[in-house]
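Please look over the sequence and the model before reading on.

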Amino acid sequence: MERSRAGEQHIAVFGESGSGKTVMLSSFYGATQESQYLQKSLFHVVPDDIGQGNRLHKNYLGMKNSAQPPETTRFAATSYSFKIKLKDGADTKRKQKKPSPLDAFRLVWHDYPGEWFEEDVKGSEAHRKVDTFRSLLGSDVALLLVDGQQLLDNSGEEEKYLRSLLTNFRNGLLSLKDDLLDDGKPLVVFPRIWVMALSKSDLLPNLDVFKFRDLLIEKACDDLDELRKVLAGLVEDNDALSVGEDFVLFSSAKFEADRIEVTRRVGLELILPLAAMLPIERYAQWAQAKQIHGKVIENLLVGTEALAAVLTDSEGTLPGPLGQLLNRFDPKQVKDAAKLASDAAKLAGDKLREINSEARAKQDNLKATLSGFRMDLETGEEEQILLRSRR
Ligand SMILES: Nc1nc2c(ncn2[C@@H]2O[C@H](COP(=O)(O)OP(=O)(O)O)[C@@H](O)[C@H]2O)c(=O)[nH]1
Ligand SMILES: [Mg+2]
């Protein structure tokens, strides 16, 4: 499995059936098609498959206008690919002189149905399960959904639900292990950032992200640890792995008896920033702590380099997919790429806002968007809906 192409960010969303995956994706995409969003935002979210995009939009409108949640989709594992197409800015005009590293990037959303972990799947379904899993191995970030409804239903004994969720998931991974590893060799390309995500957080208004973390640690610490071990058993350089160190809250809409308020969302605006920025930060940390080596580090950095380069006004050094094919490995280039990621990751606070407003003034939409993403993550933390690992 090859690492995703530069500028392509893959996110894998794991959740049991009914945990809110389809609603979340529909609400994420639907909101980007609203006129306010189209006016305000510096980019368009354009589906690669227009039919698929229309179905999501229809789901969204059904909720918004008729209080109708989307139909349930059991055993449907689908990938949704969106192009994040920047609006024309000054950088577009400038491009004739100097080509921009990317004028669009992609978000690929892999929906992984939890039924596959909950039930014993056989025959062609089992093949599809392995194939689907392979297809999402190129993701940098995986979200593991914890269903807010289930926490509410098991109030006071949340460990019952949490343990079963994490156990099913762990066993599901173990059952795939032999099919995933060729000759038992650990994988180089694999999602290394596993974020614990609370869905339907509107049902638990008193639970901020710190309390969500505490609940998981208090009630399911051992199971999280077991899950981490299973994931570590699948990858090469398994120090470079964050499992259950980042936490986020999501609510796709407010569901009431006779209406669904799609504008009352939590956390969905963090999805693009998480997919694009979390890997840059984390890989830089790992590279500095020397937790990743040769092939692994190059593979990770090549996917994020183009984005990091935009933020730091520099140029990438890695050879890209072709160089990788030729199996070229130049430690100097990799060191430079790690430095680049770390410079990009260091931008924060006032410096970040300065870069952002300067980019906006110059209509450098790519830089404005990416620095805006980092600001969104900071805001998410201030609002206590996001908690990033400090490791
Ligand atoms: N309160 C609340 N309910 C939700 C939310 N998202 C989904 N739901 C409920 O959960 C049901 C299942 O969601 P769905 O997205 O189909 O789950 P999936 O099987 O993971 O795709 C929906 O029909 C809604 O009733 C949310 O953000 N808040
Ligand atoms: Mg679904």
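How are helix 10 and helix 11 oriented to each other?

## Basis of the model

This is a predicted model, in which local features need pLDDT of at least 70, side-chain atom pairs count only at pLDDT 80 or more, and totals for chains, interfaces and linings use all residues. Residues are numbered from 1 along each chain as its sequence is written, while chains are lettered from A and ligands numbered from 1 in the order in which they are written.

## Helix 10 and helix 11

Helix 10 (residues 271–288) packs with helix 11 (residues 294–312) at an angle of about 130°, their axes being 9 Å apart. The two helices are therefore oblique to each other (angles under 35 degrees count as roughly parallel, over 145 as roughly antiparallel, 65 to 115 as roughly perpendicular and the rest as oblique).

Residues of helix 10, including Pro 279 and Tyr 283, meet residues of helix 11, among them Leu 300 and Thr 304. The residues of this contact divide into 10 nonpolar, two polar and no charged (Ala, Val, Leu, Ile, Met, Phe, Trp, Tyr, Cys and Pro count as nonpolar, Asp, Glu, Lys and Arg as charged, and the others, Gly among them, as polar).

## Helix 14 and helix 15

Between helix 14 (residues 349–361) and helix 15 (residues 365–382) the packing angle is about 150°, with the axes 8 Å apart. That makes helix 14 roughly antiparallel to helix 15. Their contact comprises five nonpolar, three polar and four charged residues.

## Ligand 1

The shell around ligand 1 divides into six nonpolar, 10 polar and three charged residues. Its largest share, three residues, comes from helix 1 (residues 21–32).

Terms used. Axes are lines fitted to C-alpha atoms, for helices over the stretch in contact, and angles run from 0 to 180 degrees between N-to-C directions. Helices (H or I, at least four residues) and strands (E, at least two) are DSSP runs, numbered from the N terminus. Two residues are in contact if their C-beta atoms, placed from the backbone, lie within 7 Å.
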